[in-house]
Amino acid sequence: MARHDKAAVPQPAHLLEVQDLRVHFQTGGGVVKAVDGVSWHVDAGETLAIVGESGSGKSVSAMTLLGLVPSPPATFPSGRVLLEGRSLLDMPEQQQRRLRGKDIAMIFQDPLTALNPVFRVGEQIAEMIRVHQDVGKMAAKKRAVELLDEVGIPDPRLRATQYPHEFSGGMRQRAMIAMALANDPKVLIADEPTTALDVTVQAQIMSLLEKLQAERDTAIVLITHDLGLVAAHADRIMVMYAGRVVEEGANDEIFTAPRHAYTHGLLSSLTRMDHARPEKLEPIPGQPPNLARVPRGCAFHPRCPFATDACRAEVPLLVPTIPGSAHRHACVHPDEVAVAHDRPREPAPVVTADTPVDERAPMLEVHDLVKHFPIKVGTFVKRTVGEVKAVDGVTLDITEGSTLSLVGESGCGKSTAARAILRLHEPTSGTVELGGRDVTGLSQSQLRAARRDMQIVFQDPYASLNPRMTVRQILSEKYELLGGQVTASTIPDLLETVGLAPEYADRYPHEFSGGQRQRVGIARAIALNPKFVVLDEPVSALDVSIQAQVLNLLEDLQQEFGLTYLFIAHDLSVVRHISDRVAVMYLGGIVEIADRDALFERPHHPYTQALISAVPIPDPAVERSRERIVLTGDVPNPANPPSGCRFRTRCWKHLQLSDDDKRRCIEEPPTLQPASGDDRHQVSCHFAGEREVLR
Amino acid sequence: MTTPTSAGGSPADADATGSAMVLPGPDAAAGGTAVPLGSRGSGQFADIRRRFVRNRLAMVGLAIVTVLIVLAIIGPYVTPYNAFEQNLANTLQPPSADHWFGTDVLGRDLFSGIVYGCRLAILVGLLTVAFSLLIGLTLGAVAGFKGGAWDGIIARFIDVFLAFPPLVGAIVIVRAVGGGVTPVIVALVALGWMTTARLTRGQVLALREAEYVEAARSIGADNRRIVMRHVLPNAIAPVLVYAFTNIGVVIVAMASLSYLGIGVPPDVPEWGRLISQATPFLRVEGKAHLWLAPALAIAITTLGFAFVADGMRDSLDPKLRGGN
């Protein structure tokens, strides 16, 4: 390194700078321009967020820096990467490798695949240290333990000797961060670092990253699709679409005064948790383009409400909003966008039913539903050695034509509860009544017939359609099984109802995009007029703009056909938008149930409060002043839940109690009680109390 | 209630529902990520066929297999001589215009013998694999789908059959059942269905938990329908590939048995038997055709089926989908 110092390097403008980077992939279908002329920079102590939907090229530019893009098939027609003024891509391969991992480190989305399963976590971190630093084995191991301690892993000495599978998801991500920080990098690239994690764990990880950044003055490049996360953590934002930058600027500028039609569209399709009356979502129509066939001119023009011939003519360049400003956009119609963005949004259609929701009869009544999965050992003679108490006494009812959301983190039993209600999993005990009819007592053949009234839309649109059947076959199967006339117009009408072109009937699922497949799944569920539909995370696998399309469709269908929904979700923003009532689950039981606004504005259970406070709101002004309740640890094993109140091991309120009160949490399981005398708002906590967590 | 939901979803409603109802027009479809142009209405089968046709080796294999099957069907009617007819005055002739592959130790026309052997090989190969598939698919599907005790019993059953050393097992079975082609098929099926069953079981086990299986259950499908329409069609590809590879193996196995003098009667010009009869002449100059012809026949047949199986595997592999 000393040799380089002699040639007096001028003070570089930025810590890391990418100039006019192009990454193209040669495929049979043509040249895929994953990144097409992208420039960005990041300085010490700063967080740059690169935002975009799947296929926008947001990850590829960062991966290129780390040499993680294989060539071939990739080619790099142009581009320079300057790290402290030195050109990274011009260095010999060996020197590049030395900088990667030392000066630039990366955190991946899925920590399970990023950690090597056959080495101990401590060894992997020590290895990382020894590759880049001249230290002994013992010293490296000691440093690894220190790093694990720094990222907040309890009992780091023991943890260092464990294998990745012994870590929970959040712990693994912490270990990944420890590894990334092992050589004190100047730049940390975080590619969807919390997408695979629960929201309370996400809050832990993000606050850890912020703390470490403050201590070490690290530059962070945060690549994500989650605008809430961006609002809470980014200094500057770069929005990408179809391989190009469409807008960049400071956090507030992008959120409050977007000038590109795509940015505006993205913000309008967002559901927000903090809005008292949900506004109607304004999704971006259509789908992101295939990168091998990017439309001429502005790539966004086919989906853009402002598009004119000028947009189709040539690719607009990034220009400052006002001369000299760092807020730049590549839109031909920034003024129209500005006007549209400031216009108040249309309120959601109010359901004008004859009787108000709370006076209507319940469509679904679930009483004390229990689903335990036995844990069995032995090959021939199976012995039951324990039970996973996935659902442990759930009671709820849903009024006709309304939506109840069941929310909670992964493993809380919400999906199992929904499947037990439909008897897709046979419930262990409890009763389910649908329209006054007991479903739990039905024989198998009666149950099959009853399925006509109770349907489900699945989470994963890629897995829920049989790949060997055409859409027509998939939809007709239901009529075949449940007895319904299929006329020439049945399938086309059904497709049209869910917003698909009737010509698509004879295509196979793989020919559709995720959003379109989800529409097929919805069509299957609503065919034959069911009364009750379970929506099992129906939008969580979709991009933001597509999410809004599907949510609007679900709302419209509910109004049109008077459907009753049980909405399973972990995304509270979506829940606030779509629900009438919300039930919060934790470890198999409901801890709080209330009408939507009451639950979000006056949550009583400490878990509900922590959950809501952990969700970032896509508004930097709100985020700056919000206080986050960060829970410690992970959800306990449902096979062996804590005694008394199941939440007490992670409860922030429990910590503040006197010893006598603590004992009560440990010994006495709380039951659902009306909160502040309101029968429609029930909470299961000995020490329930209101706390403002939205703003 | 018999009216489909869709009756209400007239296009007029699309307006009321606003921009959510984006009917992807031709523009959107062309730009859509998952809607490749030109594949409209073509379906998966066409994709598979296209990939298969593009695989040169697979097409060579397909040509070989086609010729063999045609030979097996029409061969004995068009060969110049009766394959069984002995002519002791004309033994051990070298290849000539009269006898393309020469004559054997009994004066039979070797070309006619090879063609007759082909009929036997194809018949035994296909029948054995077909019966193995029937047994293996059924037991594998039951074990994988039912699980529990069913799975335990079938798995032990498979273990027992796998415990037989194949060749010894086949000899025992053929000896027990008696000579001829049928006992050979019985023996080869008895010792050949297990891998198919295991493969099927594994596939079914994984697919049983697939979300589309749950979806089928949610619209009232019973187990039979779920297995037949949703699980097996998705499980069957690797099993079929294996079965096709196995045809060559079965043909070699039958030849090995005949070489040892077990199975088909001694006077039948089976390929293994022909090699066995040629063994005394292995080192005799000018008599190489005696063993070369049947040996090459076996090799080419086995390779043909293997090429086709490889091509099938590659064209069915979803990971290659959309790649090239």
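I began with H5(B) and H6(B), which are oblique to each other, hence neither under 35 degrees (roughly parallel), nor over 145 (roughly antiparallel), nor 65 to 115 (roughly perpendicular). The model is predicted, so I kept to its cut-offs: local features need pLDDT of at least 70, side-chain atom pairs count only at pLDDT 80 or more, and totals for chains, interfaces and linings use all residues. Residues are numbered from 1 along each chain as its sequence is written, and chains are lettered from A and ligands numbered from 1 in the order in which they are written.

Entry 1, H5(B) and H6(B). I looked up the packing of H5(B) with helix H6 (residues 148-163) of chain B: the angle is about 140 degrees and the axes are 7 Å apart. Axes are lines fitted to C-alpha atoms, for helices over the stretch in contact, and angles run from 0 to 180 degrees between N-to-C directions. Helices are DSSP runs (H or I, at least four residues), as are strands (E, at least two), numbered from the N terminus. On the H5(B) side I listed Leu139(B), Val142(B), Ala143(B) and Lys146(B), and on the H6(B) side Gly148(B), Trp150(B), Asp151(B), Ile154(B) and Ala155(B); contact requires C-beta atoms, placed from the backbone, within 7 Å. I noted six nonpolar, one polar and two charged residues in this contact. Nonpolar covers Ala, Val, Leu, Ile, Met, Phe, Trp, Tyr, Cys and Pro, charged covers Asp, Glu, Lys and Arg, and the others, Gly among them, are polar.

Entry 2, H4(B) and H5(B). Helix H4 (residues 56-78) of chain B packs on helix H5 (residues 110-146) of chain B at about 120 degrees, with axes 8 Å apart. I therefore recorded H4(B) and H5(B) as oblique to each other. H4(B) contributes residues including Leu68(B), Ile69(B) and Gly75(B), and H5(B) residues including Tyr116(B), Arg119(B) and Leu123(B). The contact has ten nonpolar, one polar and one charged residue.

Helix H9 (residues 199-216) of chain A has 18 residues and reaches 26 Å from first C-alpha to last, close to the 26 Å expected at 1.5 Å a residue. The expected span is 1.5 Å times one less than the number of residues. Among its buried residues I found Val199(A), Ile205(A), Met206(A) and Leu209(A); buried means 20 or more other C-beta atoms within 10 Å of the residue's own, with C-beta atoms placed from the backbone. Just after H9(A), Asp217(A) takes a positive phi of about 60 degrees.

I found 13 of the 13 residues of H19(A) buried. Just after H19(A), Leu528(A) has a positive phi of about 70 degrees.

Key
A residue is buried if 20 or more other C-beta atoms lie within 10 Å of its own, exposed if 12 or fewer, and partly exposed in between; C-beta atoms are placed from the backbone.
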